[in-house]
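Here is a short report on one protein chain.

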Amino acid sequence: MTEGTNHQNDVFSILVDKTIASLIHQRLIEENLLDYRFKIKDIGNQVAIPVVNLELLKQQNWFDDGSFITENVELEMKNTNQNPAEKIVSQISESFKQNSIPITQEMLDNLPKKWELFDDLAIIPNDSVNSLDWRRVLANDESLTEKIWQIIAECINVSRIARQAEIAGDKIRSSQVKMIKGDSGEVEFVDNGVKFWLDVTKVMFSSGNVTERHRIGEINMDGEIVIDAFAGIGYYALPMLVRSNAKHVYACEMNPNSIMALTRGAELNHVLDRLTIVEGDNQETLQSLTGIADRLHLGILPSSQSTWKLAINCLKTTGGIIHIHMNVKESEIEDFCDNCISELRQYAINQCGFENVTLQHIEKVKWYAPHIRHIVLDVAIQ
């Protein structure tokens, strides 16, 4: 293809709603599934994003045949031959060559191929530019180190870079992300019309739960009092306030950094007057919210079972809805649902005087691990 020529091609694509297009686009970049050769195309309320491999796409934990459409779409070819990851390799190779510094293929393979974007900040995997050879080469050369990160930032089109790390094993699941380029980890971004704020070095953002976050935000909660038992930075509390129009949300959270982020997010969305943050361990704080709620959200993994009975006690005497998040083996989902409803029914009817407990909906959010699903049960108690 000559530079400047834009051919039309039938290209395998994933069709997604415009409200989640940017997040799905980022997912494809992270998993090296985006076909950079072609331009993304608007199709009414949807966007066609070119994909390189159908089988690999279907293996992604966020992909669900029932939620996404895949088909061949006529797309226009771009006037570029390199994607951002390829640009990083070629430009760093050239920089080393110009400075007469040897670079191995292993070092090139260790450059970032995927990343997570938060506005002008990219979080790269923990192993990127972190091999023994890279650490040896960069150990005593600040100018080369600065040059490497500048090249990577320019290729990704960001001004700040951080390196991912495992979530801390403490009770509040602290982030251990480290800044590499830039001083601040504070970011502000918009998802499906909801503004979020966080410091990526202090708290985590569960971007993999995007479809469930949007689903919860589309439920009509007009006039409802809602308790969000594991609020975090407001992954679900803010959509419930901004999009679902909940009358008031009680957000239970024990991490002070998450509470600060949730407060900032509520201020940005102008919903602080409809939010009460209940600080502390929800095994204790939920006991102070007895009998006030029309709806409860139990968004914790791998299991929310420790709060089931507490959640039932928080419902008004007229009952309400409980959203139960769990990790369950795919082959055991049906049995788990039966056992869950049975346990809830026994407590709700025998101990609390309710008359009916019914399963309204099962949402399969994503693959959490091989053969294990993150699911959400919508349970009505009346």
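## A cis proline in a loop

Proline 302 sits in the loop that runs between β14 (295-298) and α11 (308-314). Helices here are DSSP runs of H or I with at least four residues, strands are E runs of at least two, and both are numbered from the N terminus. The peptide bond leading from leucine 301 into proline 302 is cis. Its omega is near 10°.

This is a predicted model: local features need pLDDT of at least 70, side-chain atom pairs count only at pLDDT 80 or more, and totals for chains, interfaces and linings use all residues. Residues are numbered from 1 along each chain as its sequence is written, and side-chain values use heavy atoms, with hydrogens and water left out.

## Two asparagines with positive phi

Asparagine 157 is not a glycine, yet its phi is positive, about 70°. It lies in the loop between α6 and β7 (160-163). Asparagine 157 is exposed, with a relative accessible area of 68%. The classes are: buried under 20% relative accessible area, exposed over 50%, partly exposed in between (1.4 Å probe, protein chains only).

Asparagine 245 also has a positive phi, near 60°. Its loop runs between α8 (237-242) and β12 (248-253). Asparagine 245 has a relative accessible area of 38%, so it counts as partly exposed.

Asparagine 53 belongs to the loop between β3 (46-50) and α2 (54-58). It is partly exposed, at 28% relative accessibility. What does its side chain approach? A polar atom of the asparagine 53 side chain lies 3.0 Å from the backbone nitrogen of glutamate 55. A polar atom of that side chain is also 2.9 Å from the backbone nitrogen of leucine 56.

Valine 89 is 36 residues away from asparagine 53 along the chain. Their C-alpha atoms are separated by 22 Å.

Valine 137 lies in helix α5 (residues 132-138). At 17% relative accessibility, valine 137 counts as buried. Contact means heavy atoms within 4.5 Å. Setting aside neighbours within four places in sequence, valine 137 touches Phe96, Met107 and Leu144. Isoleucine 103 is 34 residues from valine 137 in sequence, and the C-alpha to C-alpha distance is 9.2 Å.

Isoleucine 148 is part of helix α6 (residues 142-156). Its relative accessibility is 0%, so isoleucine 148 is buried. Beyond neighbours within four places in sequence, its contacts are Ile92, Phe96, Trp134 and Leu138. Valine 129 is 19 residues from isoleucine 148 in sequence and 9.4 Å away, C-alpha to C-alpha.

## Helix α7 and arginine 213

Helix α7 (residues 210-217) is mostly covered, with seven of its eight residues buried. Among them are Glu212, Arg213, His214 and Arg215.

Is arginine 213 buried or exposed? Its relative accessibility is 2%, so it counts as buried.

## Aspartate 378 in strand β17

Aspartate 378 is placed in strand β17 (residues 372-381). It counts as buried because its relative accessibility is 6%. Which side chain makes a polar contact with that of aspartate 378? The partner is histidine 323, at 2.7 Å. A polar contact is a pair of N or O atoms within 3.5 Å; within protein, one must be able to donate a hydrogen and the other to accept it, and residues adjacent in sequence count only if both atoms are side-chain atoms.

Neighbours within four places in sequence aside, aspartate 378 contacts Arg215, Ile322, His323, Thr358, Leu359, Gln360 and His361. Arg215 is one of the buried residues of α7.

## The chain as a whole

The protein chain has twelve helices and 17 strands. Of its 382 residues, 49% count as buried. Among contacts between residues at least 6 apart in sequence, 66% join residues at least 24 apart. The C-alpha atoms fill a box of roughly 80 × 50 × 40 Å along the principal axes.
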